[in-house]
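Hi everyone, thanks for making the time. I'd like to walk you through a few spots in one model, so please have the sequence and the structure open as I talk.

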Amino acid sequence: MEAVNKSMVKGAFWMILLRLVVRGIGLISTVILARLLLPADFGLIAMAMSFIAAFELMGAFSLDVVLIQNRDARRSHYDTAWTFNVIAAALQALILIFIAPLIADFYNDSRLIMVVYLLALGVLVQGFENIGIVAFRKDLEFHKDFKFQVATKLFAFTVTMGLAFWLRSYWALIGGMLASKFMGVAFSYVVHSYRPKFSVAARSELFHFSKWLFINNLLFFASHQSANFILGRIAGPHALGLFTLSYEISNLPSTDLVAPINRAIFPGYAKMAKDLAVLRQGFLNVISAIALISLPVCIGIALTAEPLVYVLLGERWRDAVPLIQVLAIAGLVAALQTNKGAVYLAMGRPRIMTLLAGIHVATLIPALIWGTMRNGVVGAAEATVIVSALLLPLNYAVLFRVISLPLPKFVEVLWRPLVSAAVMALAVKATLEFLPTGNFPAYLTQLILATIAGGASYMGSIVILWKLTGMEPGVEGLLLSKFANHFKSLFAKG
């Protein structure tokens with residue numbers, strides 16, 4: 001089991017590095033595109049993607065998760081999974097082409113017809129991706145997954161930037177998406193030697209487990225895309241564009257830091273699932289790392305939203321400031337509970353995850369409608385935060401019961417990051433209040449100095465609290481020892 005823990009840590013490192021590289025590329029792309037395109041351009045693509053994502057659910061059986069969870073998966077399982085991916089992609093593309101005029105009528109924008117046609121082509125192409133690359137995660141070979149993902153992202157970035165400078169319209173976003181799909185499929189056959197064949201021999205074994213994942217994916221879609229439908233319909237593309245980009249920035253911890261941890265940890269959880277005590281300790285280690293990362297980032301984003309927007313996005317995105325401030329809290333709540341799904345899947349209990357997701361969706365949709373009609377895009381953001389915060393205790397209560405985790409044990413791994421984040425918040429606020437605003441240099445100075453003050457105060461608090469509590473074993477000790485060893489080796493080389 002020690003080998004599994006080491007593989008999980010190494011895998012988490014590769015997945016975090018992957019996400020940081022991909023996010024770095026994406027952030028550069030977003031900053032450039034925000035200055036070349038209008039909020040309405042982003043909103044138009046978000047409208048189309050809402051329906052694209054809806055019909056992609058036809059094939060959202062998460063067969064890759066089933067292959068990872070099944071330690072005895074054979075070639076027949078991989079071929080069957082690939083076959084159903086191809087069939088589902090073809091059906092999705094045909095339906096999207098057929099209903100493209102209806103989507104345009106729903107949003108009252110004829111431009112969406114051609115947009116949906118082209119994005120449907122991307123859906124079809126992606127269905128042919130080599131199923132063999134699932135083995136990278138199953139066998140904990142995350143460095144190979146890293147190379148595959150980064151190469152695909154770099155190609156899409158190059159295409160998108162070239163088109164954006166040339167066209168200055170939403171067509172650049174579409175071109176980048178299509179480039180990513182085509183490159184991803186082609187490269188998947190380059191990086192892995194597996195060559196899938198059409199087969200449905202293992203269909204009953206795959207779908208027995210995946211039916212719950214399918215339902216959960218439906219609920220996940222409703223949870224994450226309902227705001228796009230509601231805002232797009234009620235408030236229009238400008239408001240939706242503001243919400244989409246604000247959500248992307250404010251949810252960086254859950255999407256770019258925590259998600260890759262979960263992606264890497266799940267195979268390790270699957271190997272631990274037979275020993276509840278080991279799984280419970282594994283979860284505590286992971287949630288401690290997630291809190292250590294997500295708390296300062298989310299709070300920092302919320303506090304520096306104004307200089308962040310003016311420096312990265314520009315003056316015309318100023319209406320995104322209050323949205324980012326509110327949605328950053330939702331991002332924190334999401335980050336602190338995303339890991340529970342990996343635990344349920346590893347234990348072979350996806351039904352629990354599905355039921356909790358159903359409660360979230362049943363609460364969120366009416367709250368979004370009410371919030372949007374009451375206060376527009378800000379009301380939608382507020383509704384997102386309120387629902388997430390209200391359901392947080394329920395989600396943890398269920399998880400604690402399933403893995404027999406006492407509340408004091410959970411608090412024990414979280415209190416130091418929480419206290420340190422509070423100290424950081426005071427330092428950042430004091431720094432921002434001391435500095436002037438009003439122009440780009442002033443906002444850039446604010447952002448740089450607030451980041452330095454926040455980072456220094458947070459890390460200092462973590463180290464002090466860890467030492468005051470006897471330097472007990474944990475994530476802080478592991479990270480600090482890694483840094484110490486790294487600097488010692490550098491000093492020795494020098």
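Let's begin with helix H14. Its buried residues are Ala320, Val321, Leu323, Ile324, Leu327, Ala328, Ala330, Gly331, Leu332, Val333 and Ala335. Before I go further, do keep in mind that this is a predicted model.

How does the length of H14 compare with what its residues should span? H14 runs over residues 320–335, which is 16 residues, and at 1.5 Å a residue they should span 22 Å. The end C-alpha atoms are 21 Å apart, so the two values agree.

Now over to helix H4, and to Asp79, which lies in that helix. Is Asp79 buried or exposed? Asp79 counts as buried, because its relative accessibility is 6% and the cut-off for buried is under 20%. If we set aside residues up to four places away in sequence, Asp79 touches Tyr194, Pro196, Lys197 and Ser199.

Asn108 has a positive phi of about 60°, although it is not a glycine. For context, most residues other than glycine have a negative phi. Asn108 is also exposed, with a relative accessible area of 71%.

Arg168 is not a glycine either, and its phi is positive, at about 55°. You'll find Arg168 in the loop between helix H7, residues 142–167, and helix H8, residues 171–191. Arg168 counts as partly exposed, at 47% relative accessibility.

My last stop is Gln446, in helix H18, which covers residues 440–468. The relative accessible area of Gln446 is 4%, so this residue is buried. What does Gln446 contact, leaving aside its neighbours within four places in sequence? The partners are Pro307, Leu432, Leu435, Pro436 and Thr437. Glu433 is 13 residues from Gln446 in sequence, and their C-alpha atoms are 9.3 Å apart in space.

So, to recap the accessibilities: Asp79 is buried at 6%, Gln446 is buried at 4%, Arg168 is partly exposed at 47%, and Asn108 is exposed at 71%.

Key: Residues are numbered from 1 along each chain as its sequence is written. This is a predicted model: local features need pLDDT of at least 70, side-chain atom pairs count only at pLDDT 80 or more; totals for chains, interfaces and linings use all residues. Side-chain values use heavy atoms; hydrogens and water are left out. Helices (H or I, at least four residues) and strands (E, at least two) are DSSP runs, numbered from the N terminus. Buried means under 20% relative accessible area, exposed over 50%, partly exposed in between (1.4 Å probe, protein chains only). Contact means heavy atoms within 4.5 Å. The expected span of a helix is 1.5 Å times one less than its number of residues.
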